[in-house]
Amino acid sequence: MTSHGTTLDPAPIDRREAAAIEVVHLSKVYKTTRAVDDISFSIARGSITGLLGGNGAGKTTTIAMIMGLVLPTSGRIAVLGHPMPGESAHVLGRMNFESPYVDMPARLTVRQNLTIFGRLYSVMHLKARIEKLASELDLVDFIDRPSGKLSAGQKTRVALAKALINQPELLLLDEPTASLDPDTADWIRRHLETYRKENAATILLASHNMLEVERLCDRVIIMKRGRIEDDDSPQQIMARYNRATMEEVFLDVARGRVQEATS
Ligand SMILES: Nc1ncnc2c1ncn2[C@@H]1O[C@H](COP(=O)(O)OP(=O)(O)OP(=O)(O)O)[C@@H](O)[C@H]1O
């Protein structure tokens, strides 16, 4: 067992004690592409973990398998102590997902979209929940505008409201600040940090933004060609590669430069 744990108890005695996510020897092969190649990790509850890697490294496929949207070729996944996708009905209501690449129905207003997603999750007091999110995420000015008429920054805030509608214990984010200006991106990050603290939530985010990762993540898992290349805190990884920034580490990994062990 590694320091982060790679064993999976198929029937944990107390699911409240189980890791937020447990992935064991997980692989996904699409015809000829081995998108995810025998990865194992365990994510502690209440942590923010970054999933890094260049284009095609397998981040989105990994997140999709954790969500139960893509079936693994082999390996096991448990979310909040429940095997996925077998027991997904027990956990789908307690998790949520955001990606700027998934569009909402464009003709429906922001309020209508949030209402539909809230009903899908059977959110109690939905009107009040939408009002609260609209106020916290600054959606009030455009909440009755068609979703297709929003700017990129507004769309991202709405996507985040959709992801938080059911007050998830586990939030999976695929590049939550892609194509945002630095100020809006920073604002989103601060909101995510606050949400995590106030709700003791667990966040797993795929990101290409290394400053975001340094700022937000307790831990990063670096993927390359479907495999895990490194897994530690940003500080430990930077020390190991003898680099001052995660940006430099990312380039070292992408270009296959040998890591310079200093510890
Ligand atoms: N539905 C699919 N059918 C066939 N191949 C796929 C499919 N989805 C992903 N792949 C392939 O699997 C590999 C991993 O893709 P994935 O989208 O998981 O990577 P990623 O790390 O999220 O990349 P990016 O940073 O570019 O979003 C890539 O080679 C991709 O082309």
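The model is a predicted one, so local features need pLDDT of at least 70 and side-chain atom pairs count only at pLDDT 80 or more, while totals for chains, interfaces and linings use all residues. Residues are numbered from 1 along each chain as its sequence is written.

The protein chain carries nine helices and ten strands, these being DSSP runs numbered from the N terminus (H or I over at least four residues for helices, E over at least two for strands). Its C-alpha trace spans about 55 × 40 × 40 Å along the principal axes. Buried residues account for 39% of the 263 residues, where buried means 20 or more other C-beta atoms, placed from the backbone, within 10 Å of the residue's own. Among contacts between residues at least 6 apart in sequence, 65% join residues at least 24 apart; a contact here means C-beta atoms, placed from the backbone, within 7 Å.

As for the helix pair, the axes of α3 (residues 110-120) and α5 (residues 152-164) come within 9 Å and cross at roughly 25°, with axes fitted to C-alpha atoms over the stretch in contact and angles running from 0 to 180 degrees between N-to-C directions. The two helices are therefore roughly parallel to each other, a label for angles under 35 degrees. On the α3 side, Val 110, Asn 113, Leu 114 and Phe 117 make the contact, and on the α5 side Val 158, Ala 161 and Lys 162 do.

Technical notes
Angles under 35 degrees count as roughly parallel, over 145 as roughly antiparallel, 65 to 115 as roughly perpendicular and the rest as oblique. Two residues are in contact if their C-beta atoms, placed from the backbone, lie within 7 Å. A residue is buried if 20 or more other C-beta atoms lie within 10 Å of its own, exposed if 12 or fewer, and partly exposed in between; C-beta atoms are placed from the backbone.
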